[in-house]
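Here is a friendly walk through a structure for someone meeting it for the first time. Let us take a look together.

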Amino acid sequence: MSSPLLETKLYAARVRRRSVPRPRLADRLAQGLAGRLLLVSAPAGFGKTTALAQWVEGSAGSAEPPAVAWVSLDAGDNDVRTFCRYLVAAVHGAAPDIGARELDLLSTDATASADGVTALLASLLNDVADLANDLAVVLDDYHVIEAPEVHEAVTFVLEHAPPQLHVAIATRVDPPLPVARLRARGDLTEVRAADLRFTPVEADTYFNDVMQLGLTEPQVKALDERTEGWVAALQLAALSLQGRDDVAGFIGTFAGDDRYVVDYLVEEVLQRQPGPTRQFLLRTSVLTRLSGPLCDALTGRDDGRRTLESLERANLFLVPLDDRRQWYRYHHLFADVLRARLLDEQPDQVARLHRRAGDWFESQGRREDAIGHALQSRDPGYAANLVERTVEQSRRERTERTMRGWLARLPAEVVAERPALGVALAGALLSTGTTDGVARALDDAERALSAHDGSTGLRGWIQVYRAGLAQAHHDAAGTLTHARGALDTLPRDDAVGRAAASALLGLASWGAGDLDAAHAAYSASQAIFKEAGFLTDVLGCAVVLANLRTSQGRLQDALDTHVSALDFTAGRSAAPGALVDPLEQQTLRGVVDTYVGMADVHRERNDLAEATRLLLAAEAAGEHAGLPQARYRWHVVMAQVLQAEGDLAGADPLLDVARESYVDDFHPDARPVAATQARLRVAQRRLDEVFAWARARGLALDDEVTYLREYEHLTLVRAHLADPALDRAVRHETLGLLGRLLTAAEAGGRDGTVIDVLVQQAVALDGAGRASAGSLEALERALQLAEPEGYVRTFLDEGSRVLDLLSAAQRAGLRTPYVRDLLARSCHPQEPPQPRVDEGLVVDELSPRERDVLRLLTTELNGPDIARELVLSLNTVRTHTKNIYAKLGVTNRRAAVRRAQELDLLHPSRTT
Amino acid sequence: MSTPNADQQPRGDWYEIRLQGRLAQRWVAWFDGLTLTADDDGTTTLRGRVVDQAALHGVLQRLGDLGVPLISVAQVPPDPDPDHTTRPDPGEPT
């Protein structure tokens, strides 16, 4: 599904067999291994890659050699997902125990958002923190990186690096990373041009010991001065001197010349090559990577492989990119000089050579490389053809940034006349957070489409993106129209398109308060995702569907929605024959959100222990198992659980975190966290702050009511009803607002809101402690709706006034078990919260064998090791592990160990 | 690959970039048609119209890639000689 990784980019450079020992530099580099970042910053040809290779080689001889993950960056790594794929693959290659899960994540859409990327890196760093040995990550040619997202990713890694991790960056330009901060903390070792220049002594070793040119001391000095110790120039000079009779004459002329030193020396070197070799060098200089067959495609000859081997033997600036002598690159500086010559001497060849390279890469199925060359072939139609063929793959792999980059390099008129490219441009823009230019791209695509018939797929996608654009502009009517249009147009087999259109339809209905329509649309979307096997999206839809059910006052349906989605996805991931290894089990993204949604239902039903257990399980599943809103959702529900337990002070900071974690994902925000916090303030009797919040939000008792503001209005109502200064006029206005809210909620079928409104009505109609008939009637209606669904907190969270009303209702004859139960649960409001996990229970439940396995889970041993250690079959160990996770309420190994430590289960003395 | 309108005034400002060392004439194409003058003091001056700031940074990056030391970059009045503004891209197929 994903495009294959280029192994050559992960090939660690090797030190040349014959090289100059440079102890001065080696010391400086060794310091780098001690710190967090080694920055090698110098112009081309200063031997940065060699320096890094020496660093790696030097550390390999140390007592505990670090694992080395090497990435040679190129322009394609400006797509942060591509960058991460190479980074993680390199880490996985260096430390095979880690990175596999993150690589899997990268082939899903879990990392489509910036949050997803951060979560991925956090997970990778956690794994690194568990490594016994150090890990060195080398990022070579970092100057090709321009994308802020990649700089942010690298910054994140540097800021959160565990002590085992050492990063080395080689670059021609100082990178926009927080180097000053690292320098201040002593975490940075810098190696710059001055450190890399060859001293006269090193130059002497190079010319006379390594190259055996037999130069005199003044000759070496003259060369070192003329080249200023520039390594590439010294190498070129040595090449020019090899086999030359008049050494003194050459050095004299060179030293007395003021031409650009590389120009001069390359001229000398090229002149000494036979004609065919010269031609080969010039023509293949357009390539960023060279192989024999690829060179043959460019030169029309069949000696590519042999020529490359002989160039490497002759030290002609050819850098091997693997151990198999298949792929090479020219030294960057040498390649630039060759390309400039080619452009000057054979200008009309350049485009032709790129075209041939494009064809060759296309024939090898390496489309990205093909496009790179096609874009330089001066044939926009050819390039556009290739780009067109990757549109679908790019949408699947979420590499929209790369797509945007390619489309930007095509002439606008070529994009405009190709509907597939216009639609791709619109999608790439929307998914990278831009609405500018989307409408025009879609208009162009539509115009181009009208020229020919068919292409219902594209017409459908145009509608999908128009709906997305309308949604981004908060145009609900426009979203509905276009989403419906998309569903009418898209072919039946375009699952992704139909699901996207359905979800947009649901979003628009939801925002307009039409919950039934929203539910129907999201159900349709979820059904498509189920069929297509997009498991994370199945869970994402479930979260929305359950939210809708909760608003409708259907708590049991909400819970069932979560459970059946979890069952569906669990069945799926376990289905393909192989048993899921619980030791290595990775939690599906979206599971956190589902747990949190279930916890919320249990909280409302006052099963706070179950709610807490689910929240802890969600936490243990880890950040990578959450959708972008997971962190926000978790903190809101946890705060409300604490509030229910009477810990108002503890709830407050959690709501602060929730507020900071909120991500605007275009979903209607029916329960703004600020309003939830205002309700907490009401309970804390800090009414001034609540009224200030209401003023800032422009809330008033005589407002029109809308679905999206009803939660806020019901918060304002609570503040007024809790206000000791409440007078008759304000009470009247409050009742008026409640009446309007009730009518709207009943009309919209939002029974959850209806219950809430009725409870507040009962409070408002309650005359000074003596329950009025109207008050009791409202309360009774609320109870009728609430009982079948098991609502508890909606009543109990309102405190003594509602409890008094419930008692009054009971005295007045409402002696149902439900009312008795509500009152009984409220009898001990100050009772300390229940322990989150019943310690004794767990300890009793863990069998001796499970304890054995649990103890080994804290070690470095993997599943098969544990099985051997305990003389059990692997499957038995897996079963024990599953049971342990279930009993500890966790979903992965790390959380199990943490939980076991918390519960002190690891000491043999505790075993029975 | 863009197709500018023939009547359109050429866009961009004129710049003069001085470098340490003498660069041969063959680099003219590499620097998108800027004129290249070797001076007696062992420096080279690149001069001509640069479409926008991004293009200017592109030229500077190419110089950086070659490891050529920069001496100065200055905006200058346009050259009266029309030759320099209409120099065709040598890579353009005819």
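Q: What should I know before I start reading?

A: This is a predicted model, in which local features need pLDDT of at least 70 and side-chain atom pairs count only at pLDDT 80 or more, while totals for chains, interfaces and linings use all residues. Residues are numbered from 1 along each chain as its sequence is written, chains are lettered from A and ligands numbered from 1 in the order in which they are written, and side-chain values use heavy atoms, with hydrogens and water left out.

Q: What is the mean pLDDT of chain A?

A: The term pLDDT is the predictor's confidence in each residue, from 0 to 100. Chain A has a mean of 86, and 92% of its residues reach 70 or more. The pLDDT is below 50 over residues 828-844 of chain A, a stretch with 17 contacts in the model beyond near neighbours in sequence; contact means heavy atoms within 4.5 Å.

Q: How do I read the sheet of chain A, and what is its strand order?

A: Helices (H or I, at least four residues) and strands (E, at least two) are DSSP runs, numbered from the N terminus, and two strands pair if DSSP finds at least two bridges between them. In chain A, 5 strands form an open sheet in the order E2-E3-E4-E1-E5, with parallel pairing. Strand E2 (67-72) and strand E5 (188-192) of chain A each have a single partner strand, so one side of each is left without a neighbour in the sheet. On average, neighbouring strands of this sheet are turned by 15° against each other, direction ignored. Here axes are lines fitted to C-alpha atoms, for helices over the stretch in contact, and angles run from 0 to 180 degrees between N-to-C directions.

Q: Which residue of E4(A) is the bridge partner of Leu38(A)?

A: That partner is Ala168(A). Strands E1 (residues 37-41) and E4 (residues 165-171) of chain A pair in the parallel sense over 5 bridges. Helix H1 (residues 23-34) of chain A lies across E1, E4 and E5 of chain A, at about 150° to E5(A).

Q: What is the strand order of the sheet in chain B?

A: The order is E2-E3-E1-E4 in an open sheet of 4 strands, with antiparallel pairing. Its edge strands, E2 (35-38) and E4 (70-76) of chain B, each pair on one side only. Strand E1 (residues 13-20) of chain B pairs with E4(B) over 6 bridges and with E3(B) over 8 bridges, in the antiparallel sense. Arg18(B) has bridge partners in both: Ser72(B) in E4(B) and Thr45(B) in E3(B). Helix H1 (residues 53-66) of chain B lies across E1, strand E3 (43-50) and E4 of chain B, running at about 10° to E1(B).

Q: How many residues of each chain are in contact, and how much area do the chains bury?

A: The size of an interface is often given as the accessible area lost when the parts come together. Buried area is the accessible area (1.4 Å probe) that two parts lose on being put together, summed over both. Chain B and chain A bury about 2200 Å² between them, 55% of it on carbon and sulfur atoms, and 21 residues of chain B are in contact with 24 residues of chain A.

Q: How many salt bridges does the rule find across this interface?

A: A salt bridge is a side-chain nitrogen of Lys or Arg within 4 Å of a carboxyl oxygen of Asp or Glu. The rule finds 5 salt bridges between chain B and chain A. The side chains of Asp258(A) and Arg22(B) meet in a salt bridge at 2.5 Å, N to O.
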